[in-house]
Structure formats: C-alpha cells, structure tokens
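Thanks for coming, everyone. Have a look at it first.

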Amino acid sequence: MEKLYCLLLFGLFFTAAADAQSVDSIMRPVPESLKKDTLVQKDQPATAFPDSVSTKPALNTGWEMNSDNFSMQSLSQQILGHHPYFGFASVAGQRQERIKQFHGKELLFYLLVLLLIIYGILRRLFPKYFSDLFRLFFRTTIKQRQIKEQLMQTPLPSLLLNGFFVISAALYLSFVLQHFELNPLNNFWLQALYCCVGLTFVYFIKFVGLKISGWLFNMEAAAHSYIFIVFVVNKMIGILLLPFLVFIAFTTGDIYSVAFTLSWCLIGVLLIYRFILTYTAIRNQVKVNPFHFFLYLCAFEIAPLLLIYKALLLFFSLTT
C-alpha cells in the first residue's frame, strides 16, 4: 500500500509541474521581433497552398510506376538511371582518337627492323653454324677442335656475320660519338657510313697483316688461331649489340643511361675475354711473355684505333 501511495503522489507532482510549465509559457510576453513578423504576414495577401494529401506529386521526379509496360526490369533500369554517382542513363559518345606521329627516326627504325630480320633469316638458314658458334664461344663442349674445324668449313655464314658485325658496330660507334658530342659531322647516316668503312678497313688490314706475319715468321698456325678467335668474338659482339641498339635509339632518361652503361660493360667484358682466349691459344703454340703480349695489344689493337680517330678528326676539320 505504501508503494501505491508513493506512485500516486509522484504522478500528481509530475502533472502539477507540467501544468505550471504550460501556464508559464502562455503567460510569457511575446518578443517585439515576433510581433513585427506577424504584422508583416498579416499585410501580405493570402496564397493558396497545395494540398498535402494529394495523390499526384507536385514535381516530376522521372519515375514511371503506373505505365502499362511496367516490370521489374524497367524498375531496375530506373534505379540504375537515378544512381547519384554513376551515369548509367547517359548516352555513350564516340571518342575522337588522334594518331600520334613521330618524325625523325623512321629510317633508323626500318634499319633496325631489317637487321633483326636479317639475323632471323641467318639463324634459320644456318642453325648448325649458330649452335656451334655459341657452344664454342661459351666453352660448353670438350670437342672444341672439332667444332672449330666445322666452323672453318662454312665460310659463307662466317662472311655474312662479319658484315653483320660491321653494320651493328658502326651504328653503335655513331651513337657513342653522338652521345659524347665528338661527332665531326652533323649527318648521322654519313657518320655511320664512315664508321662502316673504317671498321672494314681496320679489320681487313689486321687480317692481311696477321697472315703475312704468320707466313714470314713461320707461325701460320698461331696467326690462324688468333684471327679465328678475333672474328668469333666480333660475331658475338655484333649479335649481342642488337637489343642495346634498339634501347639506345628509341629511349631516353634512365633507360637510355642503363642501356648505354650495360653496352659498355658488355663490350669491355667481351674484349677482355678475347684477350684471354688469344693469349691462351698463342701460348700453347709459341712461348710468349705476358709483358710482350701486352705490348702487342697496345701496339696493334689500341694504337691503330686512336690514330685512325685522330686522322679522321684532322680530315674533317680541314674539310669544314
């Protein structure tokens, strides 16, 4: 009973507080701003407001719910069409594509493609020669003398690959001269032609000079071995320079720098490998001091190239 009395007293107290609050709100004076607003609204003419209970909406929202062909597919299409982030209802337009054209290196591109095609044709025509060449160069077989004799018995692919080396090496030398701004000519193709002629002249003189030296000093076998190793390494240089020529010709920035550096490292490693092979081949046939062999390299490998380059610089400086 005591609990029931307490609940009744609490209810009476809550009701009295609510009545007092409502009376206070009624008796509170109205502010001046509200009075002015009510006066302005009284002066304005009365406007007719639309009925809020009307079944037809006042605005056209784009939804078609009462059409005769209404179905779940049309509803899903309307939902996608009203998507706030993706324009499913927009009409796809045709984009005008512009063909990007490059000018200035078309002839170089066609020449490199021609070199790749020539290499592929040679590889298909003489597969046995290429297989023996790679096996002999990388020393993957014990029968080196037999493979060497087989390579000597096929002069046609050897001659073609020597020409291939001259073209690829001449292009690479032209890129090197252009990179270091040492080119005496402003015409790239004329410079590449001079490089081809210079390489052909240098290796022809070397071939004839080694043949004559071997015949004079009765060391024809040693001279023949030296010539064979030199031209085998040259063939490998001509083949391995192909991808670097593509990167150097058509790239810029970091890729160009990396390709140029790797090509220098490749040529340096191959030349050192050639010197080691020639020294071991000659030492087996002739007693040669390493210091004398080093003097030979400086006199007959490095000095002629420097002299030819100096002569070309003097020639072009006089002509211009």
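**Overall layout**

Let's start with contacts, meaning heavy atoms within 4.5 Å. In this chain, residues 24 or more positions apart account for 65% of the contacts with a separation of 6 or more.

Now the ground rules. This is a predicted model, where local features need pLDDT of at least 70, side-chain atom pairs count only at pLDDT 80 or more, and totals for chains, interfaces and linings use all residues. Residues are numbered from 1 along each chain as its sequence is written, and side-chain values use heavy atoms, with hydrogens and water left out.

The chain has 12 helices and zero strands. Those are DSSP runs, numbered from the N terminus: helices are H or I with at least four residues, strands are E with at least two. Of the 320 residues, 27% count as buried. Buried means under 20% relative accessible area, exposed means over 50%, and partly exposed is in between, with a 1.4 Å probe and protein chains only.

**Two helix pairs**

Two packed helices are described by the angle between their axes and the distance between the axes. Axes here are lines fitted to C-alpha atoms, for helices over the stretch in contact, and angles run from 0 to 180 degrees between N-to-C directions.

First pair. Helix 4 (residues 106-125) packs on helix 5 (residues 127-137) at about 95 degrees, with the axes 5 Å apart. That makes the two roughly perpendicular; the cut-offs are under 35 degrees for roughly parallel, over 145 for roughly antiparallel, 65 to 115 for roughly perpendicular, and oblique for the rest. Helix 4 brings Tyr 119, Leu 122, Arg 123, Arg 124 and Leu 125, and helix 5 brings Pro 127, Phe 130 and Phe 134. By class, that contact has six nonpolar, no polar and two charged residues. Ala, Val, Leu, Ile, Met, Phe, Trp, Tyr, Cys and Pro count as nonpolar; Asp, Glu, Lys and Arg as charged; the others, Gly among them, as polar.

Second pair. Helix 6 (residues 144-152) and helix 9 (residues 220-240) have an angle of about 80 degrees and axes 12 Å apart. They are therefore roughly perpendicular too. Lys 148, Leu 151 and Met 152 of helix 6 meet His 224, Ser 225 and Phe 228 of helix 9. This contact has three nonpolar, two polar and one charged residues.

How many residues of helix 9 are buried? The count is 17 of its 21, so helix 9 is mostly covered. At 1.5 Å a residue, helix 9 should span 30 Å, and its end C-alpha atoms are 30 Å apart, which agrees. The expected span is 1.5 Å times one less than the number of residues.

Asn 218 lies in the loop between helix 8 (188-216) and helix 9. Its phi is near 60 degrees, a positive value in a residue other than glycine. Most residues other than glycine have a negative phi. Asn 218 counts as exposed, at 69% relative accessibility.

**Helix 11 and the cysteines**

The 31 residues of helix 11 (residues 253-283) should span 45 Å, and the end C-alpha atoms are 45 Å apart. Tyr 256 sits in helix 11. It is buried, at 18% relative accessible area. Leaving aside neighbours within four places in sequence, Tyr 256 contacts His 179, Phe 247, Ile 248 and Thr 251.

Last item: the structure holds zero disulfides. A disulfide is a pair of cysteine sulfur atoms within 2.5 Å. The sulfur of Cys 195 is 7.3 Å from the closest cysteine sulfur, in Cys 196, too far for a bond. Cys 195 is buried, at 13%.
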